[in-house]
Amino acid sequence: EPLDKAGAYGIQGAGGRMLVRKIDGDFYTVVGLPIARVARAIAELEPNRAAR
């Protein structure tokens, strides 16, 4: 599956998993978009949005 990946491997697949010993931080930051960080940033921009 190397043709659809930056760096030609994905750590979520069996082959890429063998190349990674440890992840410091958010798994989704490594795999793609850091969802937790994006959600926090949106919440800071629109703190009352959740109440709507």
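Biologist: Which helices each supply at least two residues of the nonpolar patch?

Modeller: In this predicted model, helices (H or I, at least four residues) and strands (E, at least two) are DSSP runs, numbered from the N terminus. A patch is made of residues with over 30% relative accessible area and no salt bridge, where like charges are joined within 9 Å and nonpolar side chains (Val, Leu, Ile, Met, Phe, Trp, Tyr) within 5 Å. Each supplying at least two residues here are helix 2 (27-31) and helix 3 (35-45).

Biologist: Which atoms do side-chain values use?

Modeller: Since this is a predicted model, local features need pLDDT of at least 70 and side-chain atom pairs count only at pLDDT 80 or more, while totals for chains, interfaces and linings use all residues. Residues are numbered from 1 along each chain as its sequence is written, and with hydrogens and water left out, side-chain values use heavy atoms.

Biologist: Okay, which element has the highest mean pLDDT?

Modeller: That score is the predictor's confidence in each residue, from 0 to 100. The chain averages 74, and 77% of the residues score at least 70. Helix 1 (residues 14-17) has the lowest mean, 72, and the highest, 85, goes to helix 3.

Biologist: How much accessible area does the nonpolar patch have together?

Modeller: Areas come from the Shrake-Rupley method with a 1.4 Å probe, and for residues only the protein chains shown count as cover. The patch members are Ile23, Phe27, Tyr28, Val30, Val31, Leu33, Ile35, Val38 and Ile42. Helix 2 gives the largest share, 4 residues, while Ile35 lies in helix 3.

Biologist: Is Gly10 buried or exposed?

Modeller: Gly10 sits in the segment before helix 1. Buried means under 20% relative accessible area, exposed over 50%, and partly exposed in between (1.4 Å probe, protein chains only). Because its relative accessibility is 13%, Gly10 counts as buried.

Biologist: Last one: which side chain does Asp24 meet in a salt bridge?

Modeller: Side chains of opposite charge can pair when their charged atoms come close. A salt bridge is a side-chain nitrogen of Lys or Arg within 4 Å of a carboxyl oxygen of Asp or Glu, and the structure holds 1. Both residues of the pair are exposed. At 3.3 Å, N to O, the partner of Asp24 is Lys22.
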